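Trainee: I would like to go through how the two chains meet. Can we start with the contact and then move to the sheet?

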Amino acid sequence: MKVLVIAEHDNNNLKASTLNTITAAAKLGDVDVLVAGSNCSAVAEAAAKVNGVAKVLKADDAAYANALAENLATLICELSSNYSHILAPSNTFGKNFMPRVAALLDVSQITDVLEVVSEDTFKRPIYAGNAIATVQTSDSIKILTVRTTAFEKASEGGSASVEDVASKGDSGLSSFVKLEGSGSEGPDLSSSRAVISGGRGMASKENFVLIEKVAAKINDCAIGASRAAVDAGYISNDYQVGQTGKIVAPELYIAVGISGAIQHLAGMKDSKIIVAINKDENASIFEVADYGLVADLFDVLPEMENLL
Amino acid sequence: MKILVPIKRVVDYNVKVRVKSDNSGVETANVKMSMNPFDEIAAEEAIRLKEAGTATEDIADSIGEAKCEEVIRTAIAMGADRGILVKTDVETQPLGVAKVLKAIIEQEGINLVLMGKQAIDDDFNQTGQMLSALLNWPQATFASNITINGDSAEVAREVDAGSETIKVNLPAVITSDLRLNEPRYPALPNIMKARNKPMDTKTPEDYGVDMTPRIKTLKVEEPSVRTAGIKVESTAELIEKLKAQGAI
């Protein structure tokens, strides 16, 4: 069986999510990787060096610069006949165009694959991770998005060939206007070794500086937030951890002033070590924490900064 | 402009779901059911577009068992004009739903579809994208802001890298994220009035669509449960424990 992985990238760098997806794909068959972008040769070369990749397909065209779903889906459908499975990371990148691919091929899609049971059977979370379903698809081509935290990153060391594929052009249906990021230069929330997140208890935008200071003292530590903190305007949406937002599973997750709504737990409960700091001893976050500290975060954060 | 708001009836988001003892699914008997929260946000956005004079008609539809009429009535009580109930006893899955919606859209001459980005039961996050593919319309998923400019729309989307704005030609399918708006509560007189608003009742067969599920659920299990660890007394003790474990 041949499997196609759709690479996530920003035209310069291959995103770590692609490496997790390649590991999932390797359980199903020989892996080819599609790099569709604009001036994306560096990404194609990086993908060719990943262990387990047989071939990299590069579609280099302005139409693919911003991963518009309409353009990507048409290209992937064109390539689909060579493959038994097509995989992409299950994040705002993969979830955007993969269902479009599935519908054009008249097949279903399986979202958030946690485990490959067999070539047609997979485990996935439902009800915000409160139940795990084992599902089987009867479709000829399996379209899967992969929960990246459930698979290790594929390592470097491969030497695949890079082959150019022709662009299918621009659909003319949609166009990119702008991307406003938080401009964060810290570690990537989705793939960092540690995460420290603030919740409603942070009480203001300015107080997030306290979180930043602690993060700076921990090796490879990204900053996150609960939905409540984002809704309150303390921090921008790209920091949100949870069912809507990013799913993370770092070695260390520190939840500060976060009560622990189901939707937040869904985004972090697979972290290796969970620390909860909250002045409410009944906060449900303590039910999943390895270490709980019932205290005022405005005392604890400066203390942590000093002790680290 | 005519807007269609497809709505799913799901287990209420406040309910802690329980897996059935025979592992065939989750318990839905005697459990509170509600409109999917993301669909509620889409319904609100459609009403606002009508109130602003941008839209002329706002139709709510739901596909599933007869009780789905309740969530359509809720959307009407919020401000939708009328409803379409497509009754079926089969498990609704995104591809089948998208095919029924396509048929409704073609019959009703819809120009804009506003719907939730995902349902909080199966968490698929697929139907809007599939629908726009079947229609060969553009899509704008995970919307946090929508501006209609004549025959196009500018949509801000919540993506992993921040906020992305794209322009889509109309007609289009737009799926809502959490921060698009805060849905209103329907007023009691409107809830009463909603009972008498027009509601078409159809079946998938009326639209020539085969909704047979493509995905079979073999079993449903409880996730592995994390047990609470220990409480530490001070910041110093916390740091000590984390250092001992090599976490920091």
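Trainee: How many residues does the contact take from chain B, and how many from chain A?
Mentor: This is a predicted model. Residues count as in contact if their C-beta atoms, placed from the backbone, lie within 7 Å. On that basis the contact takes 63 residues from chain B and 72 residues from chain A.

Trainee: Which element gives the largest share of the side of chain B that touches chain A?
Mentor: The elements giving two or more residues to this side include helix H3 (94-108), strand S9 (162-169) and helix H6 (235-244) of chain B. By class, the side has 30 nonpolar, 15 polar and 18 charged residues. The largest share is eight residues, and it comes from S9(B).

Trainee: What is the bridge partner of Glu180(A) in S9(B)?
Mentor: Strand S11 (residues 174-180) of chain A pairs with S9(B) over six bridges, in the antiparallel sense. Within S9(B), Glu180(A) has as its bridge partner Ser163(B).

Trainee: Which strands stand at the edges of the sheet?
Mentor: The sheet is open, has ten strands and mixed pairing, and runs in the order S11(A)-S9(B)-S8(B)-S7(B)-S10(B)-S6(B)-S1(B)-S4(B)-S5(B)-S11(B). Each edge strand has a single partner strand, so one side of it is left without a neighbour in the sheet. The edge strands are S11 of chain A and strand S11 (199-202) of chain B.

Trainee: In S11(B), which residue is the bridge partner of Gly83(B)?
Mentor: Strand S5 (residues 82-87) of chain B and S11(B) pair over four bridges, in the parallel sense. The partner of Gly83(B) in S11(B) is Met199(B).

Key
Residues numbered from 1 in each chain as written. Chains lettered and ligands numbered in written order. Predicted model: local features only at pLDDT ≥ 70, side-chain atom pairs only at ≥ 80, totals over all residues. Contact = placed C-beta atoms within 7 Å. Nonpolar A, V, L, I, M, F, W, Y, C, P; charged D, E, K, R; others polar. Pairing = 2+ DSSP bridges.
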